[in-house]
Amino acid sequence: MANMDRASRQSRVAKLPPRERILDAAEHLFSREGIKAVGVQAIASRAETTKMALYRHFATKDALVEEWLRIVAADYTAVFDQLETAHPDEPRAQILGMARFIADGLPEISHRGCPFINTIAELPDRTHPARRLIEAHKAGQVRRLTDLCARAGLPYPDEAAAEITFALEGAQVSAQNGSIEHAGERLMRIVEAVLTSKAAPVKGHATK
């Protein structure tokens, strides 16, 4: 079965235009071996092209790293968009849907690691374009979560969004280092607890 899957993937990738083959190769190698460990020649070879052709599409390796992360970030943004379409007037359902998406992806992260966390570890310079892209993406996610918390009627949406973000990010790190068992289901319980504990009290009932 593994050989069939590999052959299917190779057939699919072979039909892609050169730029997409390069990005596919970069994603595969960066995710498994790290950014600094992978050279341009290795990417070109996996993409079945040449270094010269690669540089026609990406002026530098840094530019390729940045574009790869831009695609990864866009995938996460697309999940938010899909949840908004599926639950247009249910901000709580959108938040839980995002948490479920992260929870379901933890097994893969346990093997490959989070691309954002791995990149930050490899690129300590915060002025690097890839670092700036990650920080902008994460800030955008927090803003979107804060808006959802506000729409869900939570009286302190910024605090709730911060706690949910801590849970989402922490679950991915825990999955990567293998420190917590059943991280996905525990993540869901934590996010549900945040949404419940931060909810406005019902009128006529005193809070504890």
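Student: How much space lies in the largest pocket?
Tutor: About 490 Å³. Keep in mind that this is a predicted model.

Student: Which residues are closest to the centre of the largest pocket?
Tutor: The pocket is lined by 20 residues, and Glu27, Val72, Tyr76, Glu108 and Pro115 are the closest to its centre.

Student: Which elements give two or more residues to the lining?
Tutor: They are α2 (18-33), α5, α6 (91-112) and α7. The most comes from α6, with 6 residues.

Student: How many residues of the lining are nonpolar, polar and charged?
Tutor: The lining has 11 nonpolar, 4 polar and 5 charged residues.

Student: Which residues of helix α7 are buried?
Tutor: In α7 (residues 115-122), they are Pro115, Phe116, Thr119 and Glu122.

Student: Why are the buried residues of α7 said to line one face of the helix?
Tutor: Look down the axis of α7. Its buried residues fall within an arc of 130°, so they line one face.

Student: What do the buried residues of α7 pack against?
Tutor: They pack against α5 (61-86) and α8.

Student: Where is histidine 137 found?
Tutor: In helix α8, which covers residues 129-151.

Student: Why is histidine 137 called buried?
Tutor: Its relative accessible area is 9%. Buried means under 20%. Histidine 137 is therefore buried.

Student: What is histidine 137 in contact with, leaving aside its neighbours within four places in sequence?
Tutor: Ala73, Tyr76, Thr77 and Phe116. Contact means heavy atoms within 4.5 Å.

Definitions and conventions
Residues numbered from 1 in each chain as written. Predicted model: local features only at pLDDT ≥ 70, side-chain atom pairs only at ≥ 80, totals over all residues. Heavy atoms only, no water. Helix = DSSP H or I, 4+ residues; strand = E, 2+ residues; numbered from the N terminus. Buried < 20%, exposed > 50% of the residue type's maximum accessible area, 1.4 Å probe, protein only. Arc of directions from axis to C-beta. 1 Å grid on protein atoms, 1.4 Å probe; cavity = no way out; pocket = protein on both sides within 12 Å on 5 of 7 lines; lining within 4 Å. Points joined across faces, edges and corners; volume = space filled by probe spheres on them. Nonpolar A, V, L, I, M, F, W, Y, C, P; charged D, E, K, R; others polar.
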